[in-house]
Amino acid sequence: LLPAASRAAVVGARVLAARPSAANSATLRAAAVRRDGAHRARLFCASAAVKEPEVAAKAGTDAPTPTLAWKAAIDFKRIKENPDAIQANANKRAAPCDVAKVVSTYDRYQALNRQCDEIREKRNANAKSMKGKMEADVRAALVEEGKALKDQLAAIEGDLNALEVELQVEGQKIPNDTHPDVPIGGEEMAVLRREVGAKRDFSFEVANHVDIGERLGMFDFGTGSKVCGSRFVYLTGAGAMLELALINWAMQKVVSKGFKPMVVPDLVRQTTMEKCGFQPRAENTQVYNIESSELCLAGTAEILLGGVYMDEVVDEKQLPIKMAAFSHCFRTEAGAAGASTRGMYRLHQFSKVEMFVVSTPEQSDELHDELIGIEEEMYRELGFHFKVLDMSSEDLGAPAYRKFDIEAWMPALERYGEISSASNCTDYQARRLNIKYRPNAVDGKKQPLAHCHTLNATACAVPRMIITILENFQNEDGSVNVPEPLQPFMGGLKVLTPEIVAEAK
(Lines give C-alpha, C1' and ligand atoms only; values in the text may rest on other atoms or scores of the structure.)
Protein backbone atom coordinates (compact mmCIF):
# COMPACT_ATOMS: atom_id res chain seq x y z
CA LEU A 1 0.00 0.00 0.00
CA LEU A 2 1.03 3.57 -0.59
CA PRO A 3 -1.03 5.42 1.99
CA ALA A 4 0.37 8.67 0.61
CA ALA A 5 -1.14 7.89 -2.76
CA SER A 6 -4.67 8.48 -1.56
CA ARG A 7 -7.83 7.99 -3.49
CA ALA A 8 -11.47 8.44 -2.74
CA ALA A 9 -13.93 5.68 -3.57
CA VAL A 10 -13.47 4.42 -7.08
CA VAL A 11 -16.34 2.30 -8.27
CA GLY A 12 -16.35 0.61 -11.68
CA ALA A 13 -18.10 2.28 -14.55
CA ARG A 14 -20.79 -0.35 -14.29
CA VAL A 15 -21.38 0.59 -10.65
CA LEU A 16 -21.24 4.33 -11.31
CA ALA A 17 -23.63 4.00 -14.22
CA ALA A 18 -26.20 2.54 -11.87
CA ARG A 19 -26.04 5.59 -9.62
CA PRO A 20 -28.16 8.74 -9.99
CA SER A 21 -26.48 11.40 -12.12
CA ALA A 22 -26.59 13.89 -9.25
CA ALA A 23 -22.81 13.91 -9.05
CA ASN A 24 -22.35 16.88 -6.77
CA SER A 25 -19.27 18.86 -5.79
CA ALA A 26 -18.17 16.15 -3.36
CA THR A 27 -17.94 13.69 -6.27
CA LEU A 28 -15.92 16.19 -8.28
CA ARG A 29 -13.54 16.72 -5.37
CA ALA A 30 -13.13 12.96 -4.99
CA ALA A 31 -12.30 12.61 -8.68
CA ALA A 32 -9.61 15.28 -8.40
CA VAL A 33 -8.08 13.51 -5.42
CA ARG A 34 -8.12 10.19 -7.33
CA ARG A 35 -6.26 11.70 -10.28
CA ASP A 36 -3.68 13.33 -8.02
CA GLY A 37 -3.22 10.14 -5.98
CA ALA A 38 -2.88 7.90 -9.01
CA HIS A 39 -0.23 10.14 -10.57
CA ARG A 40 1.91 10.12 -7.44
CA ALA A 41 1.39 6.38 -6.93
CA ARG A 42 2.87 5.76 -10.36
CA LEU A 43 5.79 8.07 -9.53
CA PHE A 44 6.56 6.14 -6.37
CA CYS A 45 5.83 2.65 -7.58
CA ALA A 46 7.09 2.05 -11.09
CA SER A 47 9.78 0.22 -12.98
CA ALA A 48 13.28 0.95 -11.74
CA ALA A 49 14.39 1.50 -15.31
CA VAL A 50 12.05 4.37 -16.11
CA LYS A 51 15.22 6.10 -15.04
CA GLU A 52 18.20 4.07 -16.15
CA PRO A 53 19.69 1.71 -13.56
CA GLU A 54 22.78 2.94 -11.78
CA VAL A 55 25.89 2.35 -13.91
CA ALA A 56 29.34 1.91 -12.39
CA ALA A 57 32.51 2.91 -14.29
CA LYS A 58 35.59 0.72 -14.42
CA ALA A 59 38.54 2.51 -12.87
CA GLY A 60 41.54 3.59 -14.95
CA THR A 61 39.75 4.14 -18.27
CA ASP A 62 39.12 7.38 -20.11
CA ALA A 63 35.90 6.06 -21.64
CA PRO A 64 34.29 3.97 -18.87
CA THR A 65 32.78 0.65 -19.86
CA PRO A 66 29.24 0.66 -18.41
CA THR A 67 28.34 -2.13 -16.01
CA LEU A 68 24.95 -2.48 -14.36
CA ALA A 69 24.76 -2.14 -10.60
CA TRP A 70 22.25 -5.02 -10.67
CA LYS A 71 20.38 -7.12 -13.19
CA ALA A 72 16.79 -8.26 -13.30
CA ALA A 73 16.24 -11.89 -14.30
CA ILE A 74 13.82 -10.91 -17.08
CA ASP A 75 12.51 -13.72 -19.27
CA PHE A 76 13.59 -12.19 -22.60
CA LYS A 77 12.89 -15.42 -24.46
CA ARG A 78 9.23 -15.21 -23.41
CA ILE A 79 9.10 -11.56 -24.47
CA LYS A 80 10.54 -12.46 -27.89
CA GLU A 81 7.98 -15.24 -28.34
CA ASN A 82 4.99 -13.07 -27.29
CA PRO A 83 5.80 -9.45 -28.28
CA ASP A 84 2.28 -8.40 -29.30
CA ALA A 85 0.62 -9.74 -26.15
CA ILE A 86 3.24 -8.18 -23.89
CA GLN A 87 2.99 -4.78 -25.60
CA ALA A 88 -0.81 -4.94 -25.38
CA ASN A 89 -0.53 -5.69 -21.65
CA ALA A 90 1.79 -2.70 -21.16
CA ASN A 91 -0.60 -0.47 -23.09
CA LYS A 92 -3.48 -1.53 -20.84
CA ARG A 93 -1.41 -0.40 -17.87
CA ALA A 94 -0.32 2.88 -19.52
CA ALA A 95 3.28 1.73 -19.07
CA PRO A 96 5.76 3.54 -21.36
CA CYS A 97 7.77 0.71 -22.88
CA ASP A 98 8.77 -0.45 -26.37
CA VAL A 99 8.60 -4.24 -26.59
CA ALA A 100 9.73 -4.24 -30.23
CA LYS A 101 12.88 -2.40 -29.20
CA VAL A 102 13.50 -4.94 -26.43
CA VAL A 103 13.14 -7.82 -28.90
CA SER A 104 15.45 -6.13 -31.43
CA THR A 105 18.05 -5.45 -28.73
CA TYR A 106 17.77 -9.02 -27.47
CA ASP A 107 18.35 -10.38 -31.00
CA ARG A 108 21.45 -8.21 -31.40
CA TYR A 109 22.68 -9.25 -27.98
CA GLN A 110 22.22 -12.94 -28.78
CA ALA A 111 23.98 -12.62 -32.14
CA LEU A 112 26.92 -10.76 -30.59
CA ASN A 113 27.07 -13.28 -27.75
CA ARG A 114 27.36 -16.10 -30.28
CA GLN A 115 30.23 -14.21 -31.94
CA CYS A 116 31.98 -14.00 -28.58
CA ASP A 117 31.54 -17.73 -28.08
CA GLU A 118 33.01 -18.46 -31.49
CA ILE A 119 36.05 -16.26 -30.82
CA ARG A 120 36.56 -17.90 -27.42
CA GLU A 121 36.56 -21.30 -29.12
CA LYS A 122 39.18 -20.05 -31.57
CA ARG A 123 41.31 -18.71 -28.69
CA ASN A 124 41.10 -22.06 -26.93
CA ALA A 125 42.11 -23.86 -30.12
CA ASN A 126 44.95 -21.37 -30.59
CA ALA A 127 46.20 -21.96 -27.04
CA LYS A 128 46.09 -25.75 -27.49
CA SER A 129 47.99 -25.57 -30.78
CA MET A 130 50.89 -23.78 -29.05
CA LYS A 131 51.61 -26.76 -26.82
CA GLY A 132 54.64 -28.83 -27.66
CA LYS A 133 57.66 -28.09 -29.83
CA MET A 134 57.39 -26.14 -33.11
CA GLU A 135 59.37 -23.86 -35.37
CA ALA A 136 59.92 -20.33 -34.05
CA ASP A 137 58.13 -18.70 -36.97
CA VAL A 138 55.11 -20.98 -36.49
CA ARG A 139 54.96 -20.12 -32.78
CA ALA A 140 55.30 -16.42 -33.58
CA ALA A 141 52.40 -16.64 -36.03
CA LEU A 142 50.25 -18.39 -33.43
CA VAL A 143 51.14 -15.75 -30.84
CA GLU A 144 50.10 -12.99 -33.23
CA GLU A 145 46.89 -14.84 -34.01
CA GLY A 146 46.22 -15.17 -30.27
CA LYS A 147 46.77 -11.43 -29.69
CA ALA A 148 44.46 -10.56 -32.57
CA LEU A 149 41.75 -12.84 -31.22
CA LYS A 150 42.16 -11.33 -27.75
CA ASP A 151 41.80 -7.78 -29.10
CA GLN A 152 38.82 -8.81 -31.23
CA LEU A 153 37.13 -10.43 -28.24
CA ALA A 154 37.74 -7.40 -26.01
CA ALA A 155 36.15 -5.09 -28.58
CA ILE A 156 33.11 -7.29 -29.03
CA GLU A 157 32.72 -7.83 -25.27
CA GLY A 158 32.60 -4.05 -24.82
CA ASP A 159 29.80 -3.84 -27.38
CA LEU A 160 28.10 -6.83 -25.75
CA ASN A 161 28.22 -5.17 -22.33
CA ALA A 162 26.73 -1.96 -23.74
CA LEU A 163 23.93 -3.99 -25.35
CA GLU A 164 23.23 -5.73 -22.04
CA VAL A 165 22.87 -2.35 -20.33
CA GLU A 166 20.45 -1.23 -23.04
CA LEU A 167 18.56 -4.51 -22.78
CA GLN A 168 18.15 -4.16 -19.01
CA VAL A 169 17.15 -0.49 -19.23
CA GLU A 170 14.46 -1.18 -21.82
CA GLY A 171 13.43 -4.56 -20.41
CA GLN A 172 12.86 -3.23 -16.92
CA LYS A 173 10.30 -0.78 -18.33
CA ILE A 174 7.99 -3.69 -19.11
CA PRO A 175 5.46 -4.08 -16.27
CA ASN A 176 4.17 -7.26 -14.72
CA ASP A 177 1.44 -9.30 -16.39
CA THR A 178 -2.15 -8.41 -15.52
CA HIS A 179 -4.73 -10.71 -13.93
CA PRO A 180 -7.52 -11.45 -16.46
CA ASP A 181 -10.19 -10.11 -14.06
CA VAL A 182 -8.52 -6.71 -13.58
CA PRO A 183 -10.72 -3.92 -15.02
CA ILE A 184 -9.02 -2.12 -17.91
CA GLY A 185 -8.53 1.64 -17.86
CA GLY A 186 -8.00 4.46 -15.39
CA GLU A 187 -8.99 4.60 -11.73
CA GLU A 188 -12.58 5.42 -12.60
CA MET A 189 -12.86 1.87 -13.97
CA ALA A 190 -12.07 0.18 -10.64
CA VAL A 191 -14.77 -2.33 -9.71
CA LEU A 192 -16.58 -2.55 -6.39
CA ARG A 193 -16.06 -6.03 -4.88
CA ARG A 194 -18.09 -5.44 -1.75
CA GLU A 195 -19.32 -2.71 0.59
CA VAL A 196 -19.31 -3.16 4.36
CA GLY A 197 -21.47 -1.19 6.75
CA ALA A 198 -23.23 2.10 6.05
CA LYS A 199 -22.60 5.81 6.47
CA ARG A 200 -23.46 7.05 9.94
CA ASP A 201 -26.43 9.42 10.09
CA PHE A 202 -25.24 12.33 12.25
CA SER A 203 -27.75 14.52 14.12
CA PHE A 204 -25.18 17.30 14.50
CA GLU A 205 -22.65 19.10 12.34
CA VAL A 206 -19.68 16.84 11.72
CA ALA A 207 -16.27 18.15 12.82
CA ASN A 208 -13.12 17.29 10.91
CA HIS A 209 -10.36 15.19 12.44
CA VAL A 210 -8.02 18.17 12.88
CA ASP A 211 -10.51 20.13 14.98
CA ILE A 212 -11.46 17.03 16.96
CA GLY A 213 -7.87 16.05 17.62
CA GLU A 214 -6.74 19.52 18.62
CA ARG A 215 -9.71 19.89 20.96
CA LEU A 216 -8.73 16.59 22.57
CA GLY A 217 -5.07 17.53 22.76
CA MET A 218 -4.06 14.73 20.37
CA PHE A 219 -2.20 16.71 17.69
CA ASP A 220 0.42 19.44 17.71
CA PHE A 221 0.90 20.56 14.12
CA GLY A 222 2.36 23.89 15.23
CA THR A 223 5.36 22.28 16.93
CA GLY A 224 5.74 19.86 14.05
CA SER A 225 5.92 22.75 11.60
CA LYS A 226 8.29 24.77 13.82
CA VAL A 227 10.72 21.92 14.41
CA CYS A 228 10.47 19.90 11.18
CA GLY A 229 8.50 21.83 8.57
CA SER A 230 5.10 21.42 6.95
CA ARG A 231 3.28 18.08 7.00
CA PHE A 232 4.82 16.88 10.24
CA VAL A 233 2.91 16.38 13.48
CA TYR A 234 3.60 15.66 17.12
CA LEU A 235 1.09 13.12 18.45
CA THR A 236 0.45 13.99 22.07
CA GLY A 237 -1.57 12.57 24.95
CA ALA A 238 -4.45 10.48 23.65
CA GLY A 239 -3.05 10.85 20.10
CA ALA A 240 0.18 9.10 21.04
CA MET A 241 -1.74 6.45 22.97
CA LEU A 242 -4.10 5.85 20.03
CA GLU A 243 -1.19 5.31 17.62
CA LEU A 244 0.43 2.82 19.99
CA ALA A 245 -2.92 1.10 20.51
CA LEU A 246 -3.45 0.73 16.75
CA ILE A 247 0.06 -0.65 16.24
CA ASN A 248 -0.17 -3.16 19.08
CA TRP A 249 -3.68 -4.25 18.09
CA ALA A 250 -2.63 -4.68 14.44
CA MET A 251 0.51 -6.63 15.31
CA GLN A 252 -1.46 -8.89 17.64
CA LYS A 253 -3.96 -9.58 14.85
CA VAL A 254 -1.40 -10.44 12.16
CA VAL A 255 0.66 -12.59 14.53
CA SER A 256 -2.52 -14.56 15.30
CA LYS A 257 -2.78 -15.14 11.52
CA GLY A 258 0.65 -16.75 11.37
CA PHE A 259 2.85 -13.77 10.48
CA LYS A 260 6.32 -13.41 11.98
CA PRO A 261 6.56 -9.98 13.69
CA MET A 262 9.46 -7.69 12.87
CA VAL A 263 10.66 -4.15 13.46
CA VAL A 264 12.76 -3.09 10.48
CA PRO A 265 15.25 -0.26 9.79
CA ASP A 266 14.11 3.08 8.39
CA LEU A 267 16.98 3.25 5.89
CA VAL A 268 17.43 1.00 2.87
CA ARG A 269 19.80 0.74 -0.10
CA GLN A 270 18.61 2.47 -3.25
CA THR A 271 19.24 -0.71 -5.23
CA THR A 272 16.99 -2.73 -2.93
CA MET A 273 14.25 -0.15 -3.42
CA GLU A 274 14.71 -0.33 -7.20
CA LYS A 275 14.51 -4.12 -7.16
CA CYS A 276 11.12 -3.88 -5.46
CA GLY A 277 9.93 -1.65 -8.31
CA PHE A 278 10.33 1.83 -6.81
CA GLN A 279 12.13 4.89 -8.19
CA PRO A 280 14.48 6.56 -5.69
CA ARG A 281 16.26 8.62 -8.38
CA ALA A 282 13.34 9.70 -10.57
CA GLU A 283 12.28 13.30 -11.03
CA ASN A 284 9.55 14.21 -8.52
CA THR A 285 10.32 11.01 -6.64
CA GLN A 286 8.39 10.20 -3.47
CA VAL A 287 11.65 8.98 -1.93
CA TYR A 288 13.95 10.87 0.45
CA ASN A 289 17.55 10.15 -0.59
CA ILE A 290 20.47 10.54 1.82
CA GLU A 291 23.07 12.88 0.35
CA SER A 292 26.49 11.31 -0.42
CA SER A 293 25.08 7.88 0.38
CA GLU A 294 23.50 4.92 -1.38
CA LEU A 295 20.83 4.88 1.31
CA CYS A 296 17.35 6.36 1.32
CA LEU A 297 14.45 6.56 3.77
CA ALA A 298 11.99 3.73 3.18
CA GLY A 299 8.49 4.66 2.09
CA THR A 300 7.11 1.29 3.20
CA ALA A 301 8.28 -1.79 5.08
CA GLU A 302 7.43 -3.79 1.95
CA ILE A 303 10.92 -2.93 0.68
CA LEU A 304 12.69 -4.07 3.85
CA LEU A 305 10.66 -7.27 4.04
CA GLY A 306 11.21 -7.96 0.35
CA GLY A 307 14.94 -7.76 0.96
CA VAL A 308 14.93 -10.40 3.71
CA TYR A 309 15.22 -13.28 1.22
CA MET A 310 17.08 -11.37 -1.50
CA ASP A 311 19.71 -13.58 -3.24
CA GLU A 312 18.50 -16.64 -1.35
CA VAL A 313 17.04 -20.05 -2.22
CA VAL A 314 14.37 -21.56 0.04
CA ASP A 315 12.86 -25.04 -0.01
CA GLU A 316 9.28 -25.38 -1.21
CA LYS A 317 8.30 -26.88 2.15
CA GLN A 318 9.18 -23.53 3.79
CA LEU A 319 6.60 -21.66 1.71
CA PRO A 320 4.59 -19.62 2.22
CA ILE A 321 6.72 -17.37 4.43
CA LYS A 322 4.61 -14.73 6.18
CA MET A 323 6.20 -11.63 7.73
CA ALA A 324 4.74 -8.48 9.27
CA ALA A 325 6.67 -5.36 10.21
CA PHE A 326 6.11 -2.16 12.10
CA SER A 327 8.00 0.73 10.54
CA HIS A 328 8.12 4.45 10.00
CA CYS A 329 7.36 5.47 6.42
CA PHE A 330 8.71 8.54 4.67
CA ARG A 331 7.25 10.26 1.58
CA THR A 332 8.21 13.53 -0.09
CA GLU A 333 4.60 13.91 -1.31
CA ALA A 334 5.89 15.62 -4.47
CA GLY A 335 3.00 17.15 -6.37
CA ALA A 336 0.48 16.78 -3.54
CA ALA A 337 -1.88 19.70 -3.10
CA GLY A 338 -5.43 20.53 -2.11
CA ALA A 339 -7.72 19.97 0.86
CA SER A 340 -6.70 16.32 1.15
CA THR A 341 -3.26 17.39 2.34
CA ARG A 342 -4.62 19.07 5.49
CA GLY A 343 -4.06 17.41 8.83
CA MET A 344 -3.15 13.73 9.11
CA TYR A 345 -4.16 12.68 5.62
CA ARG A 346 -0.85 13.24 3.88
CA LEU A 347 2.24 13.41 6.09
CA HIS A 348 5.95 13.20 5.30
CA GLN A 349 6.38 10.62 8.08
CA PHE A 350 3.92 8.13 9.51
CA SER A 351 3.75 4.71 11.14
CA LYS A 352 2.45 1.54 9.51
CA VAL A 353 2.14 -2.21 10.02
CA GLU A 354 2.78 -4.07 6.75
CA MET A 355 2.27 -7.72 5.79
CA PHE A 356 4.53 -9.46 3.26
CA VAL A 357 4.42 -13.01 1.89
CA VAL A 358 6.87 -15.11 -0.13
CA SER A 359 5.14 -18.04 -1.83
CA THR A 360 5.11 -20.50 -4.69
CA PRO A 361 3.31 -19.48 -7.90
CA GLU A 362 0.51 -21.94 -7.12
CA GLN A 363 -0.13 -20.36 -3.71
CA SER A 364 -0.20 -16.66 -4.55
CA ASP A 365 -3.80 -16.14 -5.78
CA GLU A 366 -5.23 -17.84 -2.69
CA LEU A 367 -2.87 -15.87 -0.45
CA HIS A 368 -3.99 -12.63 -2.09
CA ASP A 369 -7.56 -13.42 -1.08
CA GLU A 370 -6.31 -14.29 2.41
CA LEU A 371 -4.56 -10.92 2.78
CA ILE A 372 -7.57 -8.85 1.74
CA GLY A 373 -9.68 -11.04 4.02
CA ILE A 374 -7.46 -10.18 7.00
CA GLU A 375 -7.75 -6.48 6.23
CA GLU A 376 -11.54 -6.67 5.92
CA GLU A 377 -11.81 -8.58 9.20
CA MET A 378 -9.75 -5.97 11.02
CA TYR A 379 -11.75 -2.99 9.76
CA ARG A 380 -15.06 -4.73 10.40
CA GLU A 381 -13.99 -5.24 14.00
CA LEU A 382 -13.31 -1.52 14.34
CA GLY A 383 -16.77 -0.73 12.99
CA PHE A 384 -15.66 1.10 9.84
CA HIS A 385 -17.85 1.63 6.81
CA PHE A 386 -15.68 0.80 3.80
CA LYS A 387 -15.54 -0.39 0.23
CA VAL A 388 -13.29 -3.06 -1.27
CA LEU A 389 -12.17 -2.25 -4.82
CA ASP A 390 -10.56 -4.30 -7.57
CA MET A 391 -8.20 -1.65 -8.93
CA SER A 392 -7.91 -0.93 -12.64
CA SER A 393 -4.99 -1.72 -14.90
CA GLU A 394 -3.60 1.84 -14.98
CA ASP A 395 -3.47 1.97 -11.18
CA LEU A 396 -1.35 -1.15 -10.67
CA GLY A 397 2.09 0.44 -11.06
CA ALA A 398 4.77 -1.84 -12.50
CA PRO A 399 4.99 -4.66 -9.90
CA ALA A 400 1.37 -5.62 -9.15
CA TYR A 401 -0.42 -8.39 -11.06
CA ARG A 402 -3.61 -7.53 -9.21
CA LYS A 403 -4.41 -5.06 -6.44
CA PHE A 404 -7.32 -4.67 -4.05
CA ASP A 405 -7.82 -1.37 -2.19
CA ILE A 406 -9.95 -0.64 0.84
CA GLU A 407 -11.40 2.86 1.18
CA ALA A 408 -13.16 3.97 4.35
CA TRP A 409 -15.82 6.64 4.63
CA MET A 410 -14.49 9.88 6.14
CA PRO A 411 -17.53 12.04 6.98
CA ALA A 412 -15.89 15.46 7.31
CA LEU A 413 -13.95 14.98 4.10
CA GLU A 414 -17.24 13.85 2.51
CA ARG A 415 -15.56 11.05 0.62
CA TYR A 416 -13.94 7.65 0.90
CA GLY A 417 -10.20 7.60 1.55
CA GLU A 418 -7.78 4.75 0.99
CA ILE A 419 -6.74 3.05 4.21
CA SER A 420 -5.14 -0.12 2.88
CA SER A 421 -4.14 -2.13 -0.15
CA ALA A 422 -3.25 -5.74 -0.96
CA SER A 423 -1.15 -6.64 -4.02
CA ASN A 424 -0.04 -9.84 -5.68
CA CYS A 425 3.24 -9.07 -7.46
CA THR A 426 3.74 -12.66 -8.73
CA ASP A 427 7.42 -13.09 -9.72
CA TYR A 428 8.07 -9.45 -10.71
CA GLN A 429 9.91 -8.51 -7.52
CA ALA A 430 11.44 -11.97 -7.01
CA ARG A 431 13.14 -11.79 -10.45
CA ARG A 432 14.75 -8.53 -9.39
CA LEU A 433 15.49 -9.49 -5.79
CA ASN A 434 16.70 -12.95 -6.91
CA ILE A 435 14.42 -14.90 -4.57
CA LYS A 436 14.11 -18.53 -5.66
CA TYR A 437 12.80 -21.77 -4.24
CA ARG A 438 13.69 -25.40 -4.79
CA PRO A 439 10.55 -27.38 -5.72
CA ASN A 440 9.93 -30.67 -3.97
CA ALA A 441 11.61 -33.63 -5.64
CA VAL A 442 9.54 -35.66 -8.13
CA ASP A 443 10.17 -39.41 -8.13
CA GLY A 444 13.35 -38.76 -6.18
CA LYS A 445 14.68 -36.33 -8.79
CA LYS A 446 15.66 -32.77 -7.97
CA GLN A 447 13.67 -30.09 -9.77
CA PRO A 448 15.16 -26.90 -11.24
CA LEU A 449 15.04 -23.72 -9.16
CA ALA A 450 12.12 -21.37 -9.78
CA HIS A 451 11.34 -17.78 -8.81
CA CYS A 452 9.02 -17.23 -5.87
CA HIS A 453 5.95 -15.00 -5.85
CA THR A 454 5.66 -12.04 -3.46
CA LEU A 455 2.61 -10.32 -2.00
CA ASN A 456 2.16 -7.30 0.26
CA ALA A 457 -0.73 -5.77 2.19
CA THR A 458 -1.32 -3.05 4.75
CA ALA A 459 -2.57 -4.06 8.14
CA CYS A 460 -2.64 -0.58 9.64
CA ALA A 461 -1.63 2.80 8.18
CA VAL A 462 -1.92 4.81 11.38
CA PRO A 463 -2.81 8.35 10.20
CA ARG A 464 -5.70 7.24 7.98
CA MET A 465 -6.97 4.98 10.74
CA ILE A 466 -6.95 7.87 13.22
CA ILE A 467 -8.87 10.07 10.75
CA THR A 468 -11.48 7.36 10.24
CA ILE A 469 -11.89 6.78 13.98
CA LEU A 470 -12.16 10.45 14.98
CA GLU A 471 -14.57 11.44 12.22
CA ASN A 472 -16.87 8.42 12.43
CA PHE A 473 -17.01 7.92 16.20
CA GLN A 474 -17.27 11.56 17.32
CA ASN A 475 -20.06 12.74 19.59
CA GLU A 476 -21.91 16.05 19.72
CA ASP A 477 -20.16 17.06 22.97
CA GLY A 478 -16.74 16.79 21.28
CA SER A 479 -15.86 13.40 22.74
CA VAL A 480 -14.89 10.35 20.66
CA ASN A 481 -15.82 6.73 21.32
CA VAL A 482 -12.86 4.36 21.30
CA PRO A 483 -13.54 1.25 19.17
CA GLU A 484 -13.94 -1.75 21.45
CA PRO A 485 -10.97 -3.76 20.10
CA LEU A 486 -8.64 -0.85 20.92
CA GLN A 487 -9.87 -0.24 24.46
CA PRO A 488 -7.56 -2.84 26.12
CA PHE A 489 -4.61 -1.08 24.47
CA MET A 490 -5.82 2.30 25.74
CA GLY A 491 -5.82 1.31 29.41
CA GLY A 492 -9.52 0.41 29.24
CA LEU A 493 -10.51 3.91 28.11
CA LYS A 494 -13.85 3.83 26.29
CA VAL A 495 -14.38 7.51 25.48
CA LEU A 496 -11.95 10.32 24.77
CA THR A 497 -13.21 13.58 26.26
CA PRO A 498 -11.62 17.00 26.77
CA GLU A 499 -11.95 16.48 30.52
CA ILE A 500 -10.08 13.15 30.49
CA VAL A 501 -7.37 14.62 28.30
CA ALA A 502 -7.01 17.59 30.63
CA GLU A 503 -6.64 15.27 33.62
CA ALA A 504 -4.00 13.25 31.76
CA LYS A 505 -1.96 16.41 31.23
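**Charges, rings and strands**

Guide: Let's begin with a charge over a ring: the charged end of Arg193 sits over the ring of Phe404, 3.9 Å from its centre. That label applies if NZ of Lys or CZ of Arg is within 6 Å of the ring centre and within 35 degrees of the ring normal. One caution: this is a predicted model, where local features need pLDDT of at least 70, side-chain atom pairs count only at pLDDT 80 or more, and totals for chains, interfaces and linings use all residues. Residues are numbered from 1 along each chain as its sequence is written, and side-chain values use heavy atoms, leaving out hydrogens and water.

Visitor: And what does Arg464 lie over?

Guide: The face of Tyr345, with 3.7 Å to the ring centre.

Visitor: OK, the sheet. What's the strand order?

Guide: Eight strands make an open sheet, ordered E3-E13-E14-E15-E18-E12-E11-E6, with mixed pairing. Strands (E, at least two residues) and helices (H or I, at least four) are DSSP runs numbered from the N terminus, and two strands pair if DSSP finds at least two bridges between them.

Visitor: Which strands stand at the edges?

Guide: E3 (191–196) and E6 (260–263); each has a single partner strand, so one side of each is left without a neighbour in the sheet. On average, neighbouring strands here are turned by 25° against each other, direction ignored. Axes are lines fitted to C-alpha atoms, for helices over the stretch in contact, and angles run from 0 to 180 degrees between N-to-C directions.

Visitor: How many bridges join E3 to E13?

Guide: Five, and the two run antiparallel; E13 covers residues 386–390. Val196 is opposite Phe386 there.

Visitor: What about E12, how many of its residues are buried?

Guide: Ten of the eleven, so E12 is largely enclosed by the rest of the structure. Buried means under 20% relative accessible area, exposed over 50%, and partly exposed in between (1.4 Å probe, protein chains only). E12 runs antiparallel to E11, with ten bridges, and antiparallel to E18, with eight. Ala325 faces Glu354 of E12, while Val357 is opposite Leu455 in E18.

Visitor: Which strands does H9 lie across?

Guide: H9 (residues 238–256) lies across E6, E11 (321–330), E12 (349–359) and E18 (453–461), at about 5° to E12. Contact means heavy atoms within 4.5 Å. Then there's H14 (residues 462–472), which lies across E12, E14 (402–410), E15 (415–424) and E18, at about 35° to E14.

Visitor: Back to rings. How many aromatic pairs are there?

Guide: Seven, from a search of the whole structure. Rings of Phe, Tyr and Trp (its six-membered ring) pair if their centres lie within 6.5 Å; planes under 30 degrees apart count as stacked, over 60 as edge-to-face and the rest as tilted. Tyr379 and Phe384 have ring centres 6.2 Å apart and planes at 15°, so they're stacked. Tyr379 and Phe386 have centres 6.2 Å apart and planes at 85°, so that pair is edge-to-face.

Visitor: Is Phe386 buried or exposed?

Guide: Buried, at 0% relative accessibility. Tyr379 is buried with 0% as well, and Phe384 is also buried. Ring pairs link Tyr379, Phe384, Phe386 and Phe473 into a cluster.

Visitor: Last one: where does Asp427 lie?

Guide: In the loop between E15 and H13 (428–433). Asp427 counts as partly exposed, at 21% relative accessibility. Not counting residues up to four places away in sequence, Asp427 touches His451, Cys452 and His453. Asp427 and His453 are 26 residues apart in sequence, yet 4.6 Å apart in space, C-alpha to C-alpha.
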